[in-house]
Amino acid sequence: MYKISVAGTGYVGLVAGVCFAEVGHQVTCVDIDEKKVNLMKSGVSPIYEVDLEGLMQKNYAEGRLDYTTDYKTAYRESDAIFIGVGTPEQPDGSANLSYIATVARQIAENIEKDCLVVVKSTVPVGTNDKVEQFIKDFLVNDVKVEVASNPEFLAQGTAVHDTLHAARIIIGTESKWAEEMLMNIYEPFKLPTVSVNRRSAEMIKYASNDFLALKISYMNDIANLCELVGANIQDVAKGMSYDERIGAKFLNAGIGYGGSCFPKDTKALEYLARQNGYELRTIKAAIDVNKDQKTLLYKKACRRLITFTGLKVAVLGLTFKPGTDDLREAPSLENVPLLLEAGSDICAYDPVGKDNFNSVYPEGKIGQGSIKYVENAEEALKGANICFIFTEWDEIKAVLPEDYKKLMKTPLIYDGRNLYNNEVMKEVGVEYYSIGRPYMRLSNAMAEVAATKN
Ligand code: NAD
């Protein structure tokens with residue numbers, strides 16, 4: 001078993017650290033955020049992930065896991081240091097590598113024994129080479145240090161499961177020593193391992209993420225065409241899913257991909273291609289489609305309504321997907337400002353994301369509109385003129401079609417997650433718009449009632 005430090009306790013670093021401890025390694029999770037470190041020491045997870053808190057408490061109690069801001073001591077004693085700090089998008093689309101550089105410098109100045117540095121963060125191809133050179137340039141003690149690439153593929157919402165039961169471990173190394181050590185670290189997980197060189201490992205991460213983003217944008221593109229030609233994207237996806245070459249996953253059309261990875265990783269790869277004199281047309285298309293998709297429903301609603309001013313707007317779902325409190329690049333963050341600017345009085349519900357959203361859009365009057373947060377979907381819907389569904393939480397899926405009819409002043413729904421059956425919504429008298437499915441027109445009389453109640 002190894003002494004491991006993990007730099008960064010976000011979704012990737014913390015989950016990796018906890019899972020390394022769970023399989024028996026001695027782990028120290030390092031973060032610069034003292035508040036976070038104290039929280040973790042008290043047994044509380046700073047992020048919402050199923051099963052994470054329980055494993056944190058168990059491994060901390062059993063002495064295999066600790067948290068610290070004291071990187072000097074942590075790095076000095078480590079056999080391997082995993083880097084899981086952020087690589088956020090910069091205005092030009094490139095990845096910001098400053099957090100990685102800071103950690104690399106801290107490592108170089110503090111390690112006192114041979115050490116393998118493993119980059120888990122998603123970084124542009126060639127970064128591991130630079131990190132290794134950078135560490136060697138600043139190395140204070142006469143020790144052996146090498147850098148390996150070990151990209152992470154977990155999905156937020158299922159991060160612990162995805163780590164303990166990963167489909168594959170990608171190991172990118174340039175020496176037998178580094179390869180063997182990483183293999184040994186992962187040995188207790190008993191998972192399929194693919195060992196390649198560092199640049200290929202870096203590319204595997206981007207190529208995988210961008211392929212998934214492309215798949216989503218492709219389905220959204222087809223969905224938009226389905227609407228125009230009278231086809232139903234859910235039926236189309238079902239028909240496609242039987243083909244093993246296509247696969248059954250990531251075929252759901254919706255309001256576009258968000259999160260901390262797909263948006264930035266598509267842009268970073270497109271940027272990398274441009275830097276190398278190549279135009280990555282497929283990924284550019286995925287980015288373009290996604291950008292338009294996020295506000296598609298808002299634009300549709302604008303065409304349907306005279307004004308949003310004074311309308312009570314129910315927003316169901318704020319996080320970029322269920323199972324996480326992460327808001328990064330969530331469709332809600334694109335639509336809520338538009339709705340507020342247009343004068344809406346928003347009543348928002350999300351099972352776990354409302355505190356984070358409240359710190360961006362504090363409850364109260366904002367510009368022409370206002371926002372308040374409520375404890376359940378029913379409260380948000382009560383007396384609403386219009387409802388937008390942005391996240392497919394189970395709590396939101398549980399709202400029955402007749403509840404919209406019963407609770408809303410005018411049951412007008414824009415569903416970015418295709419949660420309901422069009423015909424059922426029509427039967428209960430709800431005016432319902434979704435993605436890539438033909439709109440079932442209510443009887444004229446019903447539509448008129450809905451319009452006049454506005
Ligand atoms: P995050 O933003 O949630 O967490 C980063 C953490 O690093 C923060 O807690 C921050 O305080 C800490 N940090 C910054 N500088 C530090 C330093 N010098 N020393 C120690 N800690 C420091 O990031 P994340 O979402 O976990 O993503 C990390 C990387 O992993 C990114 O490159 C991302 O693209 C990649 N990735 C993320 C996911 C995901 O689902 N979130 C999945 C796969 C890969």
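Is the crossing of helix 5 and helix 6 left-handed or right-handed?

Tutor: The crossing of helix 5 and helix 6 is right-handed. A crossing is called left-handed if the near helix is turned anticlockwise from the far one by less than a right angle, and right-handed if clockwise. The model is predicted, so local features need pLDDT of at least 70 and side-chain atom pairs count only at pLDDT 80 or more, while totals for chains, interfaces and linings use all residues. Residues are numbered from 1 along each chain as its sequence is written, and side-chain values use heavy atoms, with hydrogens and water left out.

Helices here are DSSP runs of H or I with at least four residues, strands are runs of E with at least two, and both are numbered from the N terminus. Two packed helices are described by the angle between their axes and the distance between the axes. For this pair, helix 5 covers residues 98–110 and helix 6 covers residues 127–138; their axes cross at roughly 40° and come within 8 Å. Helix 5 is therefore oblique to helix 6. Axes are lines fitted to C-alpha atoms, for helices over the stretch in contact, and the angles run from 0 to 180 degrees between N-to-C directions. Under 35 degrees counts as roughly parallel, over 145 as roughly antiparallel, 65 to 115 as roughly perpendicular, and the rest as oblique.

From helix 5, the contact uses Ile-100, Ala-101, Ala-104, Arg-105, Ile-107, Ala-108 and Glu-109; from helix 6, it uses Val-131, Phe-134, Ile-135 and Phe-138 (contact means heavy atoms within 4.5 Å). By class, the residues of this contact are nine nonpolar, no polar and two charged. Ala, Val, Leu, Ile, Met, Phe, Trp, Tyr, Cys and Pro count as nonpolar; Asp, Glu, Lys and Arg count as charged; the others, Gly among them, count as polar.

Ala-101 lies in helix 5. Ala-101 is partly exposed, at a relative accessible area of 29%. Buried means under 20% relative accessible area, exposed over 50%, and partly exposed in between, with a 1.4 Å probe and protein chains only.

Two other helix pairs can be described in the same way. Helix 9 (residues 198–229) packs on helix 10 (residues 233–241) at an angle of about 130°, with the axes 9 Å apart. That angle makes helix 9 oblique to helix 10, and their crossing is right-handed. Helix 9 supplies Tyr-218, Met-219, Ile-222, Ala-223 and Cys-226, and helix 10 supplies Ile-233, Val-236, Ala-237 and Met-240. This contact has nine nonpolar residues, no polar and no charged.

The axes of helix 1 (residues 11–22) and helix 3 cross at roughly 50° and come within 10 Å, so this pair is oblique too. Helix 1 passes helix 3 in a left-handed crossing. The contact takes Leu-14, Val-15, Val-18, Ala-21 and Glu-22 from helix 1, and Leu-52, Leu-55, Met-56, Lys-58 and Asn-59 from helix 3. Seven of these residues are nonpolar, one is polar and two are charged.

Next, the loops. Most residues other than glycine have a negative phi. Asp-51, in the loop between helix 2 (34–41) and helix 3 (52–61), has a positive phi near 70°, and at 54% relative accessibility it is exposed. Glu-329, in the loop between strand 9 (312–316) and helix 14 (331–341), has a positive phi near 60° and is partly exposed at 31%. Asn-418 sits in the loop between strand 14 (412–415) and helix 19 (422–428), and at 8% relative accessibility it is buried. Apart from neighbours within four places in sequence, Asn-418 contacts Ile-233, Gln-234, Ala-253, Tyr-432, Ser-434, Ile-435 and Arg-437.

Last, the cysteines. A search of the whole structure finds zero disulfides, a disulfide being a pair of cysteine sulfur atoms within 2.5 Å. For Cys-19, the nearest cysteine sulfur is that of Cys-29, 10 Å away, and Cys-19 is buried at 0% relative accessibility. For Cys-302, the nearest is that of Cys-387, 16 Å away; Cys-302 is partly exposed at 33%.
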